[in-house]
Amino acid sequence: MKRNIVIAAVTAAALIGGGTATALATTGDDEGSARQTANTRLSDDDGRDDDADDRDDAKAPSADVTAPEAISSALKHSPGTVVSAELDDEDDEDDSDKVTWKVDVLSGDDTWHSVSVDPSSGKVLGSQTDDEDDSAQVRAALKGSSVTAAEAAKAAAGKGVVTSVDLDEDGKDTSWEAETRKAGGAEQDWKIDLASGQVTADVSDDQD
């Protein structure tokens, strides 16, 4: 009578992308194989998730040209009042080379200009005019202000790399809003007083 040969259980651990894969040797039944496959796939998925997070951090927008420099280039091309500047990568999220500064300028005749600035050279790549109906609201919010968008960006630069600056004209407490990013990828929103240039954390954003 033939005897069944039982294979002794052997456990092998291998680090895969930060995860641990466990290989199970069994008596040859399908259940053991299924457990082995499931454990291996789980570890692989964990590794892929970690890799995806690393890739997201790696492709975070960056620029050699600062927000104030981008604003200066935009104003030379389209004189007026800068209302916002943003390091924009939404048009092509998979290609960091396509990141550009988008600067919105309100001219003296209430025409809005959206100016694209190269984040590496500071060269104006192009511009287009937009029809907006909030020109009066923006001018009212900036009336009596002594801090420009460029100055607000410079003030916020002490908190990290400025990736956007924008006028918040809603409500009674108008201010400049800026977003900064530190080397590790952490983002933070700030408010810059229109009169004093004082920078404070955007508490309302933290609560959201």
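Mentor: Start here: the Asp-168 side chain makes a polar contact with the side chain of Lys-191, at 3.4 Å. A polar contact is a pair of N or O atoms within 3.5 Å; within protein, one must be able to donate a hydrogen and the other to accept it, and residues adjacent in sequence count only if both atoms are side-chain atoms. This is a predicted model: local features need pLDDT of at least 70, side-chain atom pairs count only at pLDDT 80 or more, and totals for chains, interfaces and linings use all residues. Residues are numbered from 1 along each chain as its sequence is written, and side-chain values use heavy atoms, with hydrogens and water left out.

Trainee: Is Asp-168 buried or exposed?
Mentor: Buried, because its relative accessibility is 15%, and buried means under 20% relative accessible area (1.4 Å probe, protein chains only).

Trainee: What else does Asp-168 touch?
Mentor: Leaving out residues up to four places away in sequence, Asp-168 touches Asp-173, Thr-174, Ser-175, Glu-177 and Lys-191. Contact means heavy atoms within 4.5 Å.

Trainee: And which strand holds Asp-168?
Mentor: S7. Strands are DSSP runs of E, at least two residues, numbered from the N terminus.

Trainee: New topic. How do the residues lining the second largest pocket divide?
Mentor: Four are nonpolar, three polar and six charged. Asp, Glu, Lys and Arg count as charged; Ala, Val, Leu, Ile, Met, Phe, Trp, Tyr, Cys and Pro as nonpolar; the others, Gly among them, as polar.

Trainee: Which strand gives the most to that lining?
Mentor: S5, with three residues.

Technical notes
Helices (H or I, at least four residues) and strands (E, at least two) are DSSP runs, numbered from the N terminus. Buried means under 20% relative accessible area, exposed over 50%, partly exposed in between (1.4 Å probe, protein chains only).
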